[in-house]
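Subject: Structure handover

Hi,

Here is the structure I promised to pass on to you. Have a look at it first, and then read on for what turned up in it.

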Amino acid sequence: VEGKYMLKVSIQSVRMHMPAAAIQMLYHGSKDTQFRDWLTQHNVILHDHQPNWTDKIENMRQHGIARISHLFAHSGNYFGTWQRIDIPLYISAEYCLLLDADT
């Protein structure tokens, strides 16, 4: 939950300082409709991200060494660190700035 609030603050900051900037998000899941609605209301372009490697990443997390990173504690956090590898599948640009929930 804390990550969601930090992400909202990041988006609001971009909207305040760079209102014309395009914000795009790889979004995995559909249950939090309230958050998705908030993102849409703030002109965030959502890309439905359902990669075919999800099970492999979860297997890596379950067999990883939990003491080396807090990311191993939650499947969503671990998955999120890997989402960035698919950015070029959705965004064709010379460069992009990656922001995650704790940026």
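The chain has five helices and two strands, and please keep in mind that this is a predicted model. Going along the sequence, the elements come in the pattern α-β-α-β-α-α-α. The C-alpha trace spans about 45 × 30 × 25 Å along its principal axes. Of the 103 residues in the chain, 24% are buried. As for contacts with a separation of 6 or more, 43% of them are between residues 24 or more positions apart.

**The two strands**

Strand 1 and strand 2 (residues 44-48) are paired in the parallel sense, with five bridges between them. To get from strand 1 to strand 2 the chain passes through helix 2, and this β-α-β crossover is right-handed. Strand 1 is mostly covered, since four of its five residues are buried.

His47 is a residue of strand 2. It counts as buried because its relative accessible area is 14%, and the cut-off is under 20%. Setting aside neighbours within four places in sequence, the contacts of His47 include Gln24, Met25, Leu26 and Tyr27. Tyr90 and Ile91 are also in contact with His47.

**The cores**

The largest nonpolar core has 10 residues: Leu7, Ile11, Val14, Ile23, Met25, Tyr27, Phe35, Trp38, Leu39 and Val44. At least two residues of this core come from each of helix 1 (2-17), strand 1 (23-27) and helix 2 (33-41). There is also a second, separate core of five residues, among them Trp53, Ile57, Phe72 and Tyr78. As background, nonpolar side chains in soluble globular proteins tend to be buried together.

**Tyr27, Phe35 and the rings**

Which residues does Tyr27 contact, leaving aside its neighbours within four places in sequence? The list is Asp32, Phe35, Arg36, Leu39, Leu46, His47, Asp48, His49 and Gln50. With a relative accessible area of 10%, Tyr27 is under the 20% cut-off and is therefore buried.

Phe35 sits in helix 2. Its relative accessibility is 8%, so Phe35 counts as buried too. Apart from neighbours within four places in sequence, Phe35 is in contact with Lys4, Leu7, Lys8 and Tyr27. Phe35 and Lys4 are 31 residues apart along the chain, and their C-alpha atoms are separated by 8.5 Å.

Across the whole structure, a search finds five aromatic pairs. One of them is formed by Tyr27 and Phe35, with 6.3 Å centre to centre and 40° between the planes, which makes it a tilted pair. Ring pairs also link Tyr27, Phe35 and Trp38 into a cluster.

**His49**

Is His49 buried or exposed? At 0% relative accessibility, His49 is buried. Not counting residues up to four places away in sequence, His49 touches Leu26, Tyr27, His28, Phe79, Gln83, Asp86 and Tyr90. With one of these residues, Gln83, the side chain of His49 makes a polar contact of 3.0 Å.

**Asn43**

The last item is a backbone angle. Asn43 has a phi near 60°, which is a positive value in a residue other than glycine. In general, most residues other than glycine have a negative phi. Asn43 lies in the loop between helix 2 and strand 2. What is the relative accessible area of Asn43? The value is 57%, and the cut-off for exposed is over 50%, so Asn43 counts as exposed.

To go through it on screen, you could begin with the parallel pairing of strand 1 and strand 2, move on to the cluster of Tyr27, Phe35 and Trp38, and then look at the polar contact between the side chains of His49 and Gln83.

Happy to talk any of this through.

Best wishes

Notes: Residues numbered from 1 in each chain as written. Predicted model: local features only at pLDDT ≥ 70, side-chain atom pairs only at ≥ 80, totals over all residues. Heavy atoms only, no water. Core = buried A, V, L, I, M, F, W, Y, C linked by side-chain atoms within 4.5 Å. Buried < 20%, exposed > 50% of the residue type's maximum accessible area, 1.4 Å probe, protein only. Contact = heavy atoms within 4.5 Å. Pairing = 2+ DSSP bridges. Right-handed = clockwise from strand over helix to strand, strands pointing away. Polar contact = N/O pair within 3.5 Å; in protein donor to acceptor, adjacent residues only side chain to side chain. Phe/Tyr/Trp six-rings, centres within 6.5 Å; stacked < 30°, edge-to-face > 60°.
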